Amino acid sequence: MLNALLADTFALYLKTKNFHWHMNGQHFRDYHLMLDEQASQIFGLTDVIAERVRKVGGITIHSIGHIARLQRVHDNDEEFVGPTEMLKELHGDNKTFVESLRAAHVVASKANDYATTSLIEIWIDEAERRAWFLFEATR
């Protein structure tokens, strides 16, 4: 469960950076900076999740291929994506990530893994905030 979250975190990070790098249009500066901030926050989760996997006795992901096999966040390899479409897609990805986090919370709760459930609650709040900002930027 944690490794799938880690794969999704890497996929969401890279997609957010991709859109950050390729942002364009009238609100370029604001969106570019927002996505950079969000990408940094997302990347910050990777080490925490991987270390949590190890703390509970697991072995974490080893490669890009392993990430690709586990990720549920879909890549976007399009040559051009408009700014509104970028924000809408990331909004959906963050909402999907929240649902995955909630499912992981249920599993961790059933296992009485209080440390993991506490961390996941913080991650849910952060992802909901990212989704909120992305949604408001498209209105």
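This is a predicted model: local features need pLDDT of at least 70, side-chain atom pairs count only at pLDDT 80 or more; totals for chains, interfaces and linings use all residues.
## Packing of α4 and α5

Helix α4 spans residues 83–110, and helix α5 spans residues 114–137. Their axes lie 8 Å apart. The packing angle is about 165 degrees. Angles over 145 degrees count as roughly antiparallel, so α4 is roughly antiparallel to α5. The crossing of α4 past α5 is left-handed.

Nonpolar residues number 15 in the contact of α4 with α5. Six polar and five charged residues complete the class count for this contact.

## The loop between α4 and α5

Asn 112 sits in the loop between these two helices, α4 and α5. Its phi is near 55 degrees. That is a positive value, in a residue other than glycine.

Helix α2 covers residues 28–55. It packs against α5 at an angle of about 165 degrees, with the axes 12 Å apart. That angle makes α2 roughly antiparallel to α5. The crossing here is left-handed, with α2 passing α5.

The axes of α2 and α4 come within 12 Å. They cross at roughly 25 degrees. Angles under 35 degrees count as roughly parallel, so α2 is roughly parallel to α4. The crossing of α2 past α4 is also left-handed.

Taken by direction, then, α2 is roughly parallel to α4. Helix α5 is roughly antiparallel to α4, and α2 is roughly antiparallel to α5.

A search of the whole structure gives two aromatic pairs. Tyr 13 and Phe 43 form a tilted pair. Their ring centres are 4.9 Å apart, and the planes make an angle of 45 degrees. Tilted pairs are those between the stacked limit, under 30 degrees, and the edge-to-face limit, over 60.

The pair links distant parts of the chain. Tyr 13 belongs to helix α1, while Phe 43 belongs to helix α2. The two residues are 30 apart in the chain.

## The largest pocket

Two elements give two or more residues to the lining: α1 (2–22) and α3 (64–70). The largest share comes from α1, with six residues. By class, the lining of the largest pocket holds seven nonpolar, four polar and three charged residues.

How values were computed
Residues are numbered from 1 along each chain as its sequence is written. Side-chain values use heavy atoms; hydrogens and water are left out. Axes are lines fitted to C-alpha atoms, for helices over the stretch in contact, and angles run from 0 to 180 degrees between N-to-C directions. Helices (H or I, at least four residues) and strands (E, at least two) are DSSP runs, numbered from the N terminus. Angles under 35 degrees count as roughly parallel, over 145 as roughly antiparallel, 65 to 115 as roughly perpendicular and the rest as oblique. A crossing is left-handed if the near helix is turned anticlockwise from the far one by less than a right angle, and right-handed if clockwise. Ala, Val, Leu, Ile, Met, Phe, Trp, Tyr, Cys and Pro count as nonpolar, Asp, Glu, Lys and Arg as charged, and the others, Gly among them, as polar. Rings of Phe, Tyr and Trp (its six-membered ring) pair if their centres lie within 6.5 Å; planes under 30 degrees apart count as stacked, over 60 as edge-to-face and the rest as tilted.
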